[in-house]
Amino acid sequence: MNQPLRVCICTPELAPLAKTGGLADAAGGLTRALAAAGCDVRVALPAYRSIDRDALHAVSIGSAGVRLGPSWVEVELYEGRLPGTSIPVYLVSHEPSFNRPGLYGEHGADYPDNLRRFSVYGRGVLALLRRTAWHPDVVHCHDWQTALLPVWLRVEPAALPSETATVFTIHNLAYQGVFDADDLPLTGLGRDVFTPRGIEFWGRVNVLKGGLLFADLLTTVSRQYAAEIQTPEFGCGLDGVLRDRRDDLVAIQNGVDYTVWDPASDALIPARFTPGDLSGKAACKRHLQETHGIAIDPAVPLFGLVARLAEQKGVDLLGATADAIIGLDAQLVLLGSGDPRYETLFRTLHARYPARVAVALGFDEALAHRIVAGADAYLMPSRYEPSGLNQLYSLRYGTVPVARRTGGLADSIVDATPDALARDAATGFVFDAYTPDAFLGAVKRAVFAFLDAAAWRRLQQAGMRADFSWSTAAPHYLDAYRRAVARRAAAR
Ligand code: ADP
C-alpha cells in the first residue's frame with residue numbers, strides 16, 4: 001500500500017486531554033507513535049468539560065442531528081489539533097451529555113445515562129466522518145464506550161462506506177457497558193441483533209459484546225491477557241465469544257510514552273536521573289519523605305502505589321499485609337481514588353502509622369510521577385492486569401516492581417530468581433497466588449534484596465534498560481490495520 005493508512009482512533013480517553021487511567025496513556029501514546037510512523041491518524045473524542053478547546057485551537061465544523069431511537073439530538077462538531085502536534089482531533093459536543101464533572105460518573109457511581117451519552121458520541125462520530133472529505137480505511141475503537149461503532153458499520157449500510165474496516169481493542173474486559181433491555185432503542189439496533197449471537201447478554205444489552213462480535217479484528221494489550229480472557233476465570237462471561245474469535249485476536253503489549261515518563265527529562269520530579277547516575281533518585285526519595293511527613297531515611301525501603309482504587313488492583317491484599325509490611329521497617333506512599341472502601345482503608349493505615357504511611361486521595365498526575373520516581377519499589381498486587389502501565393513506568397524510574405504474575409505484569413517483569421539474577425536479567429519480584437502470604441513473601445524478598453545495595457542497583461539498572469517504546473508497538477498495530485482492511489475487502 002503506497003499511500004499512508006488513514007486511521008480514525010475513537011476512544012473515551014486520551015492523554016493529556018481526558019484521563020481516568022491507563023487507557024488514556026495508551027491511546028495518546030499509540031496515536032503519536034502512529035503519526036510518527038507515517039500513518040494518517042486522527043482522533044475523535046467526546047467534548048468533555050475538562051477538555052480546553054482553546055488549547056486545541058478547536059473550531060466548529062458544524063452541527064448534525066443524530067438519531068437516538070425514537071428521538072433526535074443535535075450535536076456540535078469541532079476540529080482542532082492535539083497539543084504540540086499536527087494530529088487532527090475531532091470533538092463531539094453535546095452539552096447535556098458531556099458538560100459534566102466526570103467522564104463516566106461521579107463519587108464512585110456511573111452516570112445512569114451512559115448508554116445514551118456514548119451513543120450520542122458514537123453517532124456523532126459517524127455523522128462527522130460522513131461529512132469530512134477524509135475517509136478512514138480503519139476505525140479503531142477502544143473499550144465499551146466505542147463498541148457500538150463496529151456494529152453500526154456492519155448492520156447499517158448507510159453508516160459509512162462498506163470498505164471501512166474496524167479494529168476493536170480490549171483494554172479491560174471487566175467494563176462491558178451492560179444496560180436494561182428497555183434501553184435497546186437508544187442504540188438504534190433492532191431485535192435481530194438482540195440475540196445470544198448478538199448483543200444480548202443474560203437478557204440485557206451488552207455493548208462490549210457488540211464490538212467483540214462485529215469488529216473485523218480484535219486486539220488486546222498483552223499476550224498473557226489475550227490468553228487469560230479466553231478462560232472462564234478471566235473471561236467475565238465473554239470467554240466463549242473470545243474463544244470463537246481467537247484467530248482474530250491479536251496481542252500487542254502497551255508501550256510507554258517516554259517523552260512523558262522518563263526520569264532523565266521528567267519536569268514533574270524534583271531531580272532527574274539516569275541508569276548511570278542514580279543520585280537524582282535519592283533526591284526524589286528524600287523529597288517524597290520530606291513532603292509527606294514520613295521519616296527521612298535513605299536506608300528504609302519505601303514502597304509506592306498509584307492506582308484507581310478498584311477491586312482489580314488488589315488493594316485488599318495490601319490491607320491484609322500492611323501491618324506485616326510496616327513490621328519490616330518499610331514505608332508506604334499511597335495515591336489513589338475510587339471505591340470508598342479502599343479510600344477508608346488508606347486513611348486508616350495513615351492514622352495507624354502516621355510516620356510510616358503517607359496517603360493522598362484524589363487524582364494527581366504530578367504526584368504520581370513523584371511517587372514512581374521517589375519510591376524504591378512499586379506495589380502491583382493486581383487480581384488481573386490487562387497491560388498495566390505503572391510497572392513499565394516504575395521499571396524506567398529504577399523503582400523495582402513487586403507484582404502478581406497476571407496479564408501484562410507477567411509479560412513485562414522478569415522475576416528475581418537466582419538464575420535471572422545471575423544473568424542480570426531480573427527486574428522485579430513476582431508472586432502467583434492471590435493470597436496475603438504470597439504477596440507478603442514477594443515484599444519480603446524485595447526488602448531482603450534492598451539490603452544489598454550493589455545487587456539492588458543491578459536490578460534497578462536492568463529495569464531501566466528495558467525498552468517498552470510505542471515505536472516498537474506501533475508497527476504491530478499497522479499490521480493489524482492491514483489485516484482488517486484485507487479482511488473487509490474479502491468480505492464484500
Ligand atoms: P488502569 O488503566 O487499570 O487504571 P494502568 O496501570 O494501566 O491501570 O494505568 C494507570 C494510569 O493511571 C497510570 O498512568 C497511573 O499513574 C494513573 N493513575 C491512576 N490513578 C491515579 C491517581 N489517583 N492519580 C494520578 N494518576 C493516576
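Phenylalanine 431 is buried in this predicted model, with a relative accessible area of 4%, where buried denotes under 20% relative accessible area, calculated with a 1.4 Å probe on protein chains only. Phenylalanine 439 is likewise buried, at 0%. Residues are numbered from 1 along each chain as its sequence is written. Local features need pLDDT of at least 70 and side-chain atom pairs count only at pLDDT 80 or more, whereas totals for chains, interfaces and linings use all residues; side-chain values use heavy atoms, with hydrogens and water left out.

Aromatic pairs were assigned where the ring centres of Phe, Tyr or Trp (its six-membered ring) lie within 6.5 Å; planes under 30 degrees apart count as stacked, over 60 as edge-to-face and the rest as tilted. By this rule the count is 13 aromatic pairs. The pair of phenylalanine 118 and tryptophan 144 is edge-to-face, because the planes stand at 75°, with the centres 5.6 Å apart. Phenylalanine 118 belongs to helix α3 (residues 114–131) and tryptophan 144 to the loop between β8 (138–142) and α4 (148–155), so that the pair links distant parts of the chain, 26 residues apart; helices (H or I, at least four residues) and strands (E, at least two) are DSSP runs numbered from the N terminus. Phenylalanine 118 is buried at 4% relative accessible area, and tryptophan 144 is buried at 9%. The rings of phenylalanine 431 and phenylalanine 439 form a tilted pair, since their planes lie at 45° with centres 5.5 Å apart.

The axes of helix α10 (residues 315–327) and helix α16 (residues 436–450) come within 9 Å and cross at roughly 50°. Axes are lines fitted to C-alpha atoms, for helices over the stretch in contact, and angles run from 0 to 180 degrees between N-to-C directions. In α10, Leu317, Leu318, Ala320, Thr321, Ala324 and Ile325 meet Pro436, Phe439, Leu440 and Val443 of α16, contact being heavy atoms within 4.5 Å.

The axes of α10 and helix α11 (residues 340–352) come within 10 Å and cross at roughly 20°, which makes the two helices roughly parallel.

Note on methods. Buried means under 20% relative accessible area, exposed over 50%, partly exposed in between (1.4 Å probe, protein chains only). Angles under 35 degrees count as roughly parallel, over 145 as roughly antiparallel, 65 to 115 as roughly perpendicular and the rest as oblique.
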